[in-house]
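Me: Could you give me a close look at one part of the model below? I would be glad of one connected account, with the cut-offs spelled out as you go.

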Amino acid sequence: MLLLLLAACAPRATEPQTHTAIIQGPVGFYPSQPGLDWIYQPQRASLADPPFRLSIIGPTSFAGQPAIRFRFSGRGQERNFFRQVGPTGVRLLGFEEVISNSTVRFNPPLQEYPAENTLVLGARWGGVSRLESQIVVNNQVTQTAAISLEYTYQVVGKTNVTVGAGAFEAWRITLQIKPAQGDVENFEIWFVPGVGEVRTREGLLLVDRNFR
């Protein structure tokens, strides 16, 4: 259940994706301005394969809190993530699965990234959160899962990496998720300040972006 809620779904063919206009200028340590796009491919995928796209749609609200909506789509998937980006870092409030009409909330929100000046070698952060999911069918809301989980991020190194979008010096960050019941899950992320994730925890690699 945890993998189904947190990881990418099995890919299916979808329409090709195109970029919006190139955005020039700084976008912040943790990029969060509307209009930004990232294009990803799974490792070992051909550049001709249908891609995944992450787009920042803009300000909104989620579960009564102000948020920024990030839209992830491609290969039969469509998901809206709701984050807060500010001086304390990046917090994930939850997400919506558009196709299945389901919603996942984290209480309290997951701290995905810390304050900018604390993202250094050896940094650790995390906590305990309750994942609550529900699905809406014919205006009827049904709770489908309620899971307590412990999560830990750690910056384990800084390394030069080359992906389809270019060569970068990236922070290597591990993520461990321990649900109250079930198996422990381990992930690795490559993060570049001012660019974002060049490798996501699902193993998707950055092949293009619409900002410089």
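What follows is about the largest cavity and the strands that supply its lining.

Reply: Happy to. Please keep in mind that this is a predicted model, in which local features need pLDDT of at least 70 and side-chain atom pairs count only at pLDDT 80 or more, while totals for chains, interfaces and linings use all residues. Numbering runs from 1 along each chain as its sequence is written, and side-chain values use heavy atoms, with hydrogens and water left out.

Let's begin with the space itself. The structure holds one cavity of 30 Å³ or more, and about 520 Å³ of space lies in the largest cavity. A cavity here is a set of points, on a 1 Å grid over the protein atoms alone, where a 1.4 Å probe fits but cannot get out; lining residues have an atom within 4 Å of a point. Points are joined across faces, edges and corners, and the volume is the space filled by probe spheres set on them.

Which residues lie nearest the centre of the largest cavity? They are Leu54, Arg83, Glu112, Glu197 and Thr200, out of 26 lining residues. By class, the lining has 18 nonpolar, two polar and six charged residues (Ala, Val, Leu, Ile, Met, Phe, Trp, Tyr, Cys and Pro count as nonpolar, Asp, Glu, Lys and Arg as charged, the others, Gly among them, as polar). E1, E3, E4, E5, E6, E10 (185-192) and E11 (196-199) each supply at least two of the lining residues, and the largest share, four residues, comes from E4.

Strands pair if DSSP finds at least two bridges between them. E3 (residues 65-74) has E2 (residues 52-62) as an antiparallel partner through nine bridges, with Ile56 opposite Phe70 in E3. E3 also pairs with E4 (residues 77-86), again in the antiparallel sense, over seven bridges; there Gly74 stands opposite Gln77 in E4. With two residues between E2 and E3, Ala63 takes a positive phi near 55 degrees, and with two residues between E3 and E4, Arg75 takes a positive phi near 55 degrees. For background, most residues other than glycine have a negative phi, and most peptide bonds are trans.

Ala63 counts as partly exposed because its relative accessibility is 45%, whereas Arg75 is buried, with a relative accessible area of 11%. (Buried means under 20% relative accessible area, exposed over 50%, partly exposed in between, with a 1.4 Å probe and protein chains only.) In the loop between E1 and E2 sits Arg44, whose phi is also positive, near 70 degrees. At 79% relative accessibility, Arg44 counts as exposed.

The peptide bond from Asn107 to Pro108 is cis, with omega near 0 degrees, and Pro108 is found in E6. E6 is joined to E7 (residues 124-137) by six antiparallel bridges, one example being Ser102 opposite Ile135 in E7.

Finally, the rings in these strands. The structure holds 12 aromatic pairs, where rings of Phe, Tyr and Trp (its six-membered ring) pair if their centres lie within 6.5 Å; planes under 30 degrees apart are stacked, over 60 edge-to-face and the rest tilted. Trp38 and Phe211 make an edge-to-face pair, 5.5 Å centre to centre with 80 degrees between the planes. This pair links distant parts of the chain, 173 residues apart: Trp38 is in E1 (residues 37-42), Phe211 in the segment after E12 (204-209). Trp38 and Phe211 are buried. A second pair, Phe95 and Phe106, is tilted because its planes are at 50 degrees, with the centres 6.4 Å apart. Phe95 belongs to E5 (residues 89-97) and Phe106 to E6 (residues 102-113). Phe95 is buried at 2% relative accessibility, and Phe106 is buried at 5%. Phe211 has a charged neighbour too: the charged end of Arg209 sits over its ring, 5.3 Å from the centre (for Arg this needs CZ within 6 Å of the ring centre and within 35 degrees of the ring normal).

Notes: On a 1 Å grid over the protein atoms alone, a cavity is a set of points where a 1.4 Å probe fits but cannot get out, and a pocket is an open set with protein on both sides within 12 Å along at least five of seven lines; lining residues have an atom within 4 Å of a point.
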